Amino acid sequence: MQRQLSDAVVLTERFPAAWAALAAGDVSRAHVRVIVEAGQPIDDDEARAVFEEAVLEVARRETPGRLRPAVRLLAARLHPLPFAERHAVAAKGRSVWVRDLDDGMAELIATLPAHLAHGIRDRLDRYARRVIDGRRGASDDAAVEAMLLDEPTVHDIRGIDEVRADVFADLLLTGHATPEVSNASIPETHAIVAHVQISVPVLTVLGADTTPAELTGHAPIDTATALRLAGTATGWDRVLTHPVTGTVVAVDRYRPSDQLKRALRVRDEHCRFPGCRIPVRRCDIDHTTAREHDGPTELTNLAHLCRRHHTLKHHSAWRVRQTPDGVLHWTSPTGRHYPDRPARTLVFVPDPDPGLTTDSGSGLDTYPGTGPDPGTGPDAARRPGPPASPPGHRPEPPF
């Protein structure tokens with residue numbers, strides 16, 4: 001009601017000629033709306049009166065759609081400020097924003113200079129029409145191939161607006177320069193590299209529920225799209241919530257972040273199985289306590305293992321646990337203990353374990369009954385050897 005009162009005041013006080021024409025039935029409310037929108041920026045009363053007289057002549061014989069461009073052109077000529085100056089000010093307000101809609105859809109709205117906006121629309125239209133024009137021949141070829149392979153035929157039945165929207169998404173997401181390539185691409189799995197957060201209920205992922213996924217903070221999205229995006233994600237966050245209130249209790253992830261990977265590479269340097277020196281670039285990152293046993297994805301539960309020893313850990317009687325200082329304590333199938341310290345902590349240990357002795361003056365760790373092997377180089381002295389075996393006992397190889 002307040003808006004209608006305000007519009008009535010503007011019409012009666014600033015556009016009296018248009019009001020009189022509306023009262024006489026010469027023009028419609030749609031004509032008046034076009035005239036008022038275009039003439040509002042004209043502050044000079046005399047100039048606005050000249051504007052009204054000219055546009056009403058056109059309004060009496062044209063539809064509101066045809067009236068709009070003529071009215072805008074005349075208003076631009078009568079405006080007191082030069083058009084170039086006004087355009088420079090208006091161009092500073094260019095922007096792109098998203099408005100969420102229902103059913104997993106959204107509007108992407110761009111405010112641009114007119115020549116760019118219309119140029120973009122024209123390019124999309126030309127690409128879309130080339131896709132549709134070439135669809136008949138491609139459909140015939142696909143039908144023949146499907147018949148030879150005894151497969152069902154898939155026909156492209158998209159309308160011009162659908163194709164135009166798909167080309168628009170492909171051009172922005174992939175930079176494809178031809179409609180042929182754009183028509184064959186899958187934007188959401190090949191091109192989305194922006195940071196978005198999608199929440200997918202675990203039962204939905206397993207196919208046991210139909211609860212929709214959510215583009216966090218915006219709107220629900222269909223499950224198929226969410227699973228395709230999740231399949232290319234660099235990391236999964238597991239969110240534990242209270243079963244009644246829904247309060248977030250804890251968050252962790254299966255795949256380590258890039259920052260965590262860098263920390264692991266610096267700490268480990270090589271495979272962490274006793275005696276193995278395969279560099280980390282050829283190793284897997286393993287959860288010491290497995291994820292299926294609720295092992296967290298954090299520095300104190302991850303370590304590099306080469307593929308051979310990664311397999312050995314999971315498919316043999318070897319067992320391992322990790323302490324907060326990054327030491328892996330391996331236990332062989334016969335119960336022998338092999339601690340593996342991170343490479344950078346082997347040279348200087350401020351507080352050695354009670355079961356270790358330190359070679360005086362060197363700061364090197366040695367185990368009871370063992371010591372650096374002369375002739376093997378300084379690097380060998382940094383690596384702790386296995387504990388001494390009882391007499392008559394054959395040492396078990398750790399491989």
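Visitor: Which strand is joined to strand β11 (residues 328-331) by four bridges?

Guide: Two strands count as paired if DSSP finds at least two bridges between them. Helices (H or I, at least four residues) and strands (E, at least two) are DSSP runs, numbered from the N terminus. Here the partner of β11 is β12, and the two run antiparallel. Within this pair, Thr-331 stands opposite His-337 of β12.

The model is predicted, so local features need pLDDT of at least 70 and side-chain atom pairs count only at pLDDT 80 or more, while totals for chains, interfaces and linings use all residues. Residues are numbered from 1 along each chain as its sequence is written, and side-chain values use heavy atoms, with hydrogens and water left out.

Visitor: In what order do the three strands of the open sheet lie?

Guide: The order is β10-β11-β12, with antiparallel pairing.

Visitor: Is Val-98 buried or exposed?

Guide: Buried means under 20% relative accessible area, exposed over 50%, and partly exposed in between (1.4 Å probe, protein chains only). Val-98 lies in strand β1 and counts as exposed because its relative accessibility is 51%.

Visitor: And His-309, buried or exposed?

Guide: His-309 sits in helix α15 (residues 307-314). Its relative accessibility is 2%, so His-309 counts as buried.

Visitor: How many residues separate His-309 and Asp-284 in sequence, and how far apart are they in space?

Guide: They are 25 residues apart in sequence and 9.6 Å apart in space, C-alpha to C-alpha.
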